[in-house]
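Have the structure open as you read.

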Amino acid sequence: MDRRKFLKDAALSAAGLALSQSLLAEESRAGAIISGAIPTDGKRGAVSTGVEDHLPISGYVRERAHRIPVVAEVDVVVAGGGVAGIAAAVSAARQGATVLLVEKANFPGGLWTGGLVLPVLATHGKGKTVAWDKASHGFCAEICDSLLQSGGAVNPLNPLADPEAAKHILDKTLLDETGITTLYNTAVCGVTMSRGRISSVLLDCNTGRIAVRCKVAVDATGDGLLFHYTGDPYEARRYHVSTSFRSGGYREGQLTRHILPVPGMTYDTQGSFEAIDGLDVFKISRLQQEHRLAIWDRVQEKKKEPGFEDVYLMEVAPTTGVRVTRILDSLLNVTLEDTMQWKEYDDVIGMGGSSARFTYQGKEIPASEHPIWQIPYRALLPKETANLLVAGRCFGYDQGIAWEAREISTCMVTGQAAGIAAAIAARDGIPARSVDIPALQSILRAANARLDF
């Protein structure tokens, strides 16, 4: 063999070996989808994704190992561009962090805009000194006040938004902040990890599969995708699923409820209270089809009523109303009992409100009797991954407060806190659980968040 060719081949082999060792240093935990990575138990081969818990499995295939290009390095990756993710991204950027916000749809707002879950509920609850006390301040109030002032929402108590106005104010807020890059049409598909920390977040887009390195990550996906991929403990819950829609063409005086800022327009939902596995993609896809057909029929029947001939179907929500799927088993899960007893936490980062009747100790309790409640920082922290925070409907809470914990207002409250904490952790190079709580609370108060009863 030619000596020069031999040395060249040896050098290439050494480089390839070094590259493979570098890639394998960033391992996945059980549950992650990482091409060519090795689970932390050291076993090669297929890595379970938890699909077996939700779908029948007929076998497995193995994806070919390949290199994933790193296209950016930032302080904070926020997964999910719903209201929790936007609150986190903006709040982190306001603390000087560089942020990449990733959203699978081509618009901001998540279920608020894409799911047509238009009323911002649980902004108030029973107060200690007043009958109906405002819980949601800070970023939530900032967005809602902007919409109300511009005519993009009605009803100051629980703002009911026009979805296009909401998309406008959210995109404008993101673009006005220095340090945020937003990727739409991009789905989180995995993570790489090293020594109990997320090293990079893997993304799928039309460009291909890419990776973004980060110091801290915020899971605001609503479905807990990041903590699912890291292998942190969580509970998969069933909940009812619905599809919202908007219809227009109503004449003055014909609407008595669900009156939107756009004249002659209203919204409603199609669904049932059956407990459904929101992670069963076959079931959810079929429901979406059935809901669309039923919605069409409902509007056509409405058009047959005298005086309603001009009514028309404007939009069926592009995002199915899956309310609850994965819920983090956090360092401290909030319970219904805590919320009913005015529980106080040293690490409080925000307040939740009330929006619906619920059962407590065997009795039906009206929303007006549910106290405003504190949310501890520990409810945003997974038990294992050091540089991950969780915001939105998948933070740690029990089934008893699922209705309030997943509301738009609570999502923005937890997102704001998670974003500030992520920026602090990234700046100081510390685990998320080591963030100085008084410092975090001071920044939150300066941003008009409410922390006290």
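Which residues have the most contacts inside the largest nonpolar core?

## Ground rules

This is a predicted model, so local features need pLDDT of at least 70 and side-chain atom pairs count only at pLDDT 80 or more, while totals for chains, interfaces and linings use all residues. Numbering runs from 1 along each chain as its sequence is written, and side-chain values use heavy atoms, with hydrogens and water left out.

## The cores

Trp 112, Tyr 377, Leu 389 and Phe 395 have the most contacts inside the largest nonpolar core, which has 99 residues. A core here is a set of buried (under 20% relative accessible area, 1.4 Å probe, protein chains only) Ala, Val, Leu, Ile, Met, Phe, Trp, Tyr and Cys residues joined through side-chain atoms within 4.5 Å. The largest share of this core, 13 residues, comes from α9. A second, separate core has eight residues, including Phe 245, Leu 255, Phe 308 and Val 311.

Back to Phe 395: leaving out residues up to four places away in sequence, Phe 395 touches (heavy atoms within 4.5 Å) a set of residues with Trp 373, Leu 380 and Thr 414 among them.

The largest cavity holds about 50 Å³ of space. A cavity is a set of points on a 1 Å grid over the protein atoms alone where a 1.4 Å probe fits but cannot get out, and lining residues have an atom within 4 Å of a point. The lining includes His 137, Met 351 and Arg 450, and divides into six nonpolar, three polar and one charged residue. β17 (348–352) and α9 (408–428) each supply at least two lining residues, with β17 giving the most, three.

Note on methods
On a 1 Å grid over the protein atoms alone, a cavity is a set of points where a 1.4 Å probe fits but cannot get out, and a pocket is an open set with protein on both sides within 12 Å along at least five of seven lines; lining residues have an atom within 4 Å of a point. Grid points are joined across faces, edges and corners, and a volume is the space filled by probe spheres set on the points. Helices (H or I, at least four residues) and strands (E, at least two) are DSSP runs, numbered from the N terminus. Ala, Val, Leu, Ile, Met, Phe, Trp, Tyr, Cys and Pro count as nonpolar, Asp, Glu, Lys and Arg as charged, and the others, Gly among them, as polar. Buried means under 20% relative accessible area, exposed over 50%, partly exposed in between (1.4 Å probe, protein chains only).
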